[in-house]
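Student: Could we go through this one together? I'd like to start with the charged contacts and then look at the strands.

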Amino acid sequence: IMDGVKKCVTTAVATYNGVDEGIEGEMTLILAENGDVYHCGADPAAHEFNLTPKKIASGMSDIAISGPEAWLIGEDHSLYIWGDYIRNLSSPPPQKIFDGVQKICGNSGEGLLLDLEGNVYVIGHFAIIDMLGLDGRNGLSAADISAELGIPEGELNRLQIELPGRAKDIAICGSAALSYFAVLENGDLYAWGDNQYGQLGLGDAGSDEIVFRSKAAGVRKVL
């Protein structure tokens, strides 16, 4: 459908205005070699479908999708967000939210961020609630939990993951219950999150929420 493409990512989208109107479908992001970013498919910000690639940004070096959000890393290592109707962001242009970002992974409304200093963060309002084990606690709503934690409802936030060293790579797998991975500069692999099928490589299966060192060592990259 176009030439000069560097990267393409796609995922299912389901987003709503808080009542009963919304849009469902597939969303695709395309990163061109010149740094331009295009969108096609379900547009959760405009509640419409772009049937041909629509330019939404320029000057970008990497892209990812997390639920109804498109995450873009600029050539200045800033992280931008585009397309989340729930947070009433316009499209375009993307909105700058963080500086000093090296890599972003997204899936199912949650994400993992690696900054230039090798620090790893879980990113996303609901992702943080899940990581803290507070989702649904005592029947509290997401808004109640947000107030308790001091996290503004509807805003992106990040929670740092405690690791024993600087990370060089990150990855997420799964669509609902997510598994997270971080590779340290010495090659050690750390994993946490859902382990229902033994995907964390810990030698057993079951649900885990804390960070474990995997049995793998000398790891260069994780997908």
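Student: What do the side chains of Lys 7 and Asp 62 meet in?
Tutor: They meet in a salt bridge, with 2.8 Å from N to O; the term stands for a side-chain nitrogen of Lys or Arg within 4 Å of a carboxyl oxygen of Asp or Glu. The pair links distant parts of the chain, since Lys 7 lies in strand β1 (residues 5-16) and Asp 62 in strand β5 (residues 60-66), 55 residues apart. Strands here are DSSP runs of E with at least two residues, numbered from the N terminus. This is a predicted model, in which local features need pLDDT of at least 70 and side-chain atom pairs count only at pLDDT 80 or more, while totals for chains, interfaces and linings use all residues. Residues are numbered from 1 along each chain as its sequence is written, and side-chain values use heavy atoms, with hydrogens and water left out.

Student: And is Asp 62 buried or exposed?
Tutor: Asp 62 counts as buried because its relative accessibility is 16%, where buried means under 20% relative accessible area, exposed over 50%, and partly exposed in between (1.4 Å probe, protein chains only).

Student: How many salt bridges does the count come to?
Tutor: The count comes to six. One of them joins Arg 166 and Glu 185, whose closest N and O atoms are 3.0 Å apart. This pair also links distant parts of the chain, with Arg 166 in the loop between β12 (158-160) and β13, and Glu 185 in the loop between β14 and β15 (189-195), 19 residues apart. Salt bridges that share partners join Glu 117, Arg 166 and Glu 185 into one network.

Student: Why does Arg 166 count as partly exposed?
Tutor: Because its relative accessible area is 40%; Glu 185, at 45%, is partly exposed as well.

Student: Switching to strands, which strand does β13 pair with?
Tutor: β13 pairs with strand β14 (residues 179-184) in the antiparallel sense over six bridges, and two strands pair if DSSP finds at least two bridges between them. Within this pairing, Ile 172 stands opposite Tyr 180 in β14. As for cover, β13 (residues 167-173) has five of its seven residues buried.

Student: Last one: where is Trp 71 found?
Tutor: Trp 71 is found in strand β6 (residues 69-74), and at 0% relative accessibility it counts as buried.

Notes. Helices (H or I, at least four residues) and strands (E, at least two) are DSSP runs, numbered from the N terminus.
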